[in-house]
Amino acid sequence: MTTGRQNLARRSGSDVKTVYDVQEIRADFPILHQTVRGKPLIYLDNAATSQKPKAVLEAVNHFYTHDNSNVHRGVHVLSERATRAFEQARLRARQFINAPEAREIIFVRGSTEGVNLVAQTYGRQNVGPGDEILISTLEHHSNIVPWQMLCEEKQARLRVIPINDEGEILLDEYEKLLSEKTKLVAMIHVSNSLGTINPVRRVVELAHLRGVPVLLDGAQAAPHLKIDVQELGCDFYTISGHKMFGPTGIGVLYGRTELLDAMPPYQGGGEMIRSVSFEKTTYNQLPHKFEAGTPNISGAVGLGAAMNYISSIGYEAIAAHEHDLLEYATAQLTSIPKVRLVGTARQKASVISFTIEGVHAHDVGTILDQDGIAVRAGHHCTQPLMERLGLDATARASFAFYNTREEVDALVEGVHRVIEVFD
Ligand code: PLP
């Protein structure tokens with residue numbers, strides 16, 4: 001089957017950007033071609049979860065139709081095929097984020113599980129009373145609560161890097177907070193609430209000067225930015241498959257071999273063992289040591305297909321298109337007097353958070369939904385950030401490479417209607 005992507009690649013040669021045809025891309029996403037509430041669906045909730053191209057749907061369908069079996073333990077053909085498909089997905093993920101080795105790719109449920117894994121293994125092993133974990137004000141709850149739980153258990157302290165009113169972390173304050181007590185820095189790469197792209201290379205550099213390892217939460221980065229863990233220099237990196245056009249329930253934790261090797265297992269069970277007796281269990285090698293039980297095999301296969309799909313467009317073309325949408329939407333929304341944009345960092349990915357004077361964000365979301373426009377309204381799992389900004393909620397439109405300027409126009413019209421309703 002030929003996809004819109006292949007057409008595009010054929011016509012464009014090496015310079016994909018010059019012929020970026022968003023309609024061809026949209027043709028690969030069946031879910032986008034429907035009406036909701038009698039209006040064409042306008043899906044602007046990509047930071048919550050993204051839609052899936054046919055290539056991903058077909059990869060998962062193909063796996064269950066032809067290859068489904070359990071991995072690693074079987075000697076029969078289907079098990080061999082399933083194992084190959086699963087391990088190929090790992091190789092694809094290694095290449096996608098440029099990890100040095102495939103055994104540094106741990107399949108997890110998503111970013112949340114990736115962070116919890118590190119907190120419960122590396123954290124419990126290395127953090128003690130009086131030690132400190134450094135996070136930022138921008139963090140998603142999934143990069144706050146696991147560290148709070150650890151700090152509570154270990155009588156350690158969670159320290160928070162402040163931000164300015166634009167939603168950028170204050171690097172000089174970060175530097176001041178780093179000390180000999182700091183055992184780990186855990187930071188969002190791209191903010192889900194504000195779209196801020198953090199200066200993570202500098203963050204890693206400064207931490208490493210003091211020998212402190214860094215975990216980056218890349219859930220919102222991988223759909224928009226090329227991730228190169230070697231270039232970033234980070235020690236751990238997490239990805240959520242469902243936010244990057246892959247299935248739900250699958251993600252990647254990347255960790256440097258020397259750290260992963262020294263860490264105790266996360267969960268006990270099948271697959272993560274070398275040998276078990278009632279007296280003593282010895283553990284498997286990487287990455288299996290951290291993958292207890294039957295993994296999400298079809299999810300990994302789908303994630304591999306999603307990575308292939310992203311690569312077929314190319315991050316350069318994605319960034320150019322999304323940047324155009326972001327600029328276009330920002331200009332239009334800022335020109336509406338009652339609208340206030342929340343998060344105006346100099347470096348931003350595809351997220352626009354806003355408030356409308358005199359209207360609760362939930363009402364904004366509900367009224368836009370009447371027009372078939374899906375946005376998110378609430379605290380976006382960043383309650384401490386909302387508190388810092390003096391808000392309890394925002395409305396958030398988040399773009400993917402399949403969104404269009406026409407959809408931005410519809411959002412802007414929708415916002416005008418919201419204002420009229422409350423006038
Ligand atoms: N980190 C960020 C920045 C997110 O936006 C999210 C989800 O919204 C997560 C982590 C959690 O991802 P998941 O629910 O896929 O584990």
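**Salt bridges and a sheet**

Mentor: In this predicted model, a search of the whole structure finds 23 salt bridges.

Trainee: Which residue meets E291 in a salt bridge?

Mentor: The partner of E291 is R90, with an N to O distance of 2.8 Å. E291 belongs to the loop between strand 12 (281–283) and helix 11 (297–313), while R90 belongs to helix 4 (residues 77–97), so the pair ties together parts that are 201 residues apart in sequence.

Trainee: And is E291 buried or exposed?

Mentor: E291 is buried, its relative accessible area being 5%. R90 also counts as buried, at 2%.

Trainee: What about R157 and E132, how do their side chains meet?

Mentor: They form a salt bridge at 3.8 Å, N to O. R157 is in strand 6 (residues 157–161) and E132 is in strand 5 (residues 132–136), so this pair ties together parts that are 25 residues apart in sequence. R157 is partly exposed, with a relative accessible area of 45%, whereas E132 is buried at 3%.

Trainee: Which residue forms a salt bridge with E205?

Mentor: That is R202, and the closest N and O atoms are 2.7 Å apart. Both residues lie in helix 8 (residues 200–209), three residues apart, and are separated by about one helical turn. E205 is partly exposed at 40% relative accessible area, and R202 is partly exposed at 36%.

Trainee: Which residues are linked in a network of salt bridges?

Mentor: K39, D371 and R417 are linked in such a network.

Trainee: Changing topic: what is the order of the strands in the open sheet of four?

Mentor: The order is 13-14-17-16, and the pairing is antiparallel. Strand 13 (339–342) and strand 16 (376–378) each have a single partner strand, so one side of each is left without a neighbour in the sheet. Neighbouring strands are turned by 30° against each other on average, direction ignored.

Trainee: Over how many bridges do strand 13 and strand 14 pair?

Mentor: Strand 13 and strand 14 (residues 351–356) pair over four bridges. L341 stands opposite F354 in strand 14.

Trainee: Which helix lies across these strands?

Mentor: Helix 15 (residues 405–422) lies across strand 13, strand 14 and strand 17 (394–398), and runs at about 15° to strand 14.

Trainee: Lastly, what is the mean pLDDT of the protein chain?

Mentor: The mean is 95, and 96% of the residues reach 70 or more. Over residues 1–17, however, pLDDT stays under 50.

Conventions
Residues are numbered from 1 along each chain as its sequence is written. This is a predicted model: local features need pLDDT of at least 70, side-chain atom pairs count only at pLDDT 80 or more; totals for chains, interfaces and linings use all residues. Side-chain values use heavy atoms; hydrogens and water are left out. Two strands pair if DSSP finds at least two bridges between them. Helices (H or I, at least four residues) and strands (E, at least two) are DSSP runs, numbered from the N terminus. Axes are lines fitted to C-alpha atoms, for helices over the stretch in contact, and angles run from 0 to 180 degrees between N-to-C directions. Contact means heavy atoms within 4.5 Å. pLDDT is the predictor's confidence in each residue, from 0 to 100. A salt bridge is a side-chain nitrogen of Lys or Arg within 4 Å of a carboxyl oxygen of Asp or Glu. Buried means under 20% relative accessible area, exposed over 50%, partly exposed in between (1.4 Å probe, protein chains only).
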